[in-house]
Amino acid sequence: MNHPTTIDPTTFNTEVVQSDKPVLVDFWAPWCGPCRMIAPALDEIANQQGDRFKITKLNIDDHPELAGKFGVQSIPTLLFFKNGQVRDYIVGTVAKKTILEKLENLETLQAA
């Protein structure tokens, strides 16, 4: 069973930038109600689609420097990476279907 991978500044490059799969980075915090609401959908995607996509989580309270680097001002913010670059994003809670559609769109993008 796959789970979202917890990342930090030391693992960001390996887990996100160098990934050979599309990557979703969930910028979240434990006190954030909407973050807790979206977490089960991300867990399901990681469990069911972990062979296609990498789902990661970054706690902004522990690592505000990465949130700042990517201009994250509200949480949850989901950044979608392909080939080490941000290709799409979502701010706020959305349906699992919407998240999956964005991940599937990344599969069809060609390398920049």
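A polar contact is a pair of N or O atoms within 3.5 Å; within protein, one atom must be able to donate a hydrogen and the other to accept it, and residues adjacent in sequence count only if both atoms are side-chain atoms. The model is predicted, so local features need pLDDT of at least 70 and side-chain atom pairs count only at pLDDT 80 or more, while totals for chains, interfaces and linings use all residues. Residues are numbered from 1 along each chain as its sequence is written, and side-chain values use heavy atoms, with hydrogens and water left out.

**View 1. Ser 19 in the loop between α1 (12–17) and β2.** Helices (H or I, at least four residues) and strands (E, at least two) are DSSP runs, numbered from the N terminus. The side chain of Ser 19 reaches the backbone oxygen of Lys 21 at 3.0 Å. Ser 19 counts as buried at 10% relative accessibility; buried means under 20% relative accessible area, exposed over 50% and partly exposed in between (1.4 Å probe, protein chains only). Neighbours within four places in sequence aside, Ser 19 is in contact with Thr 14 and Lys 54, where contact means heavy atoms within 4.5 Å.

**View 2. Asp 26 in strand β2.** Asp 26 is buried, at a relative accessible area of 0%. Its side chain is joined to that of Lys 57 by a polar contact of 2.7 Å. Not counting residues up to four places away in sequence, Asp 26 touches Leu 42, Thr 56, Lys 57, Leu 58, Pro 76, Thr 77 and Leu 78.

**View 3. The hairpin of β4 and β5.** The two strands pair in the antiparallel sense over 6 bridges; pairing requires that DSSP finds at least two bridges between two strands. Leu 78 has Ile 90 in β5 as its bridge partner. There are 2 residues between the strands, and Asn 83 takes a positive phi near 55°.

View 4. Ile 99, Leu 100, Leu 103 and Leu 106 of α4 are buried. They lie on the same side of α4 because they cover an arc of only 115° around the axis, the arc being that of the directions from the helix axis to the C-beta atoms. The exposed residues Lys 97 and Thr 108 are on the face turned away from the buried side. Cover for the buried residues of α4 includes β2 (23–28), α2 (33–49), β3 (54–59), β4 (77–82) and β5 (85–91).
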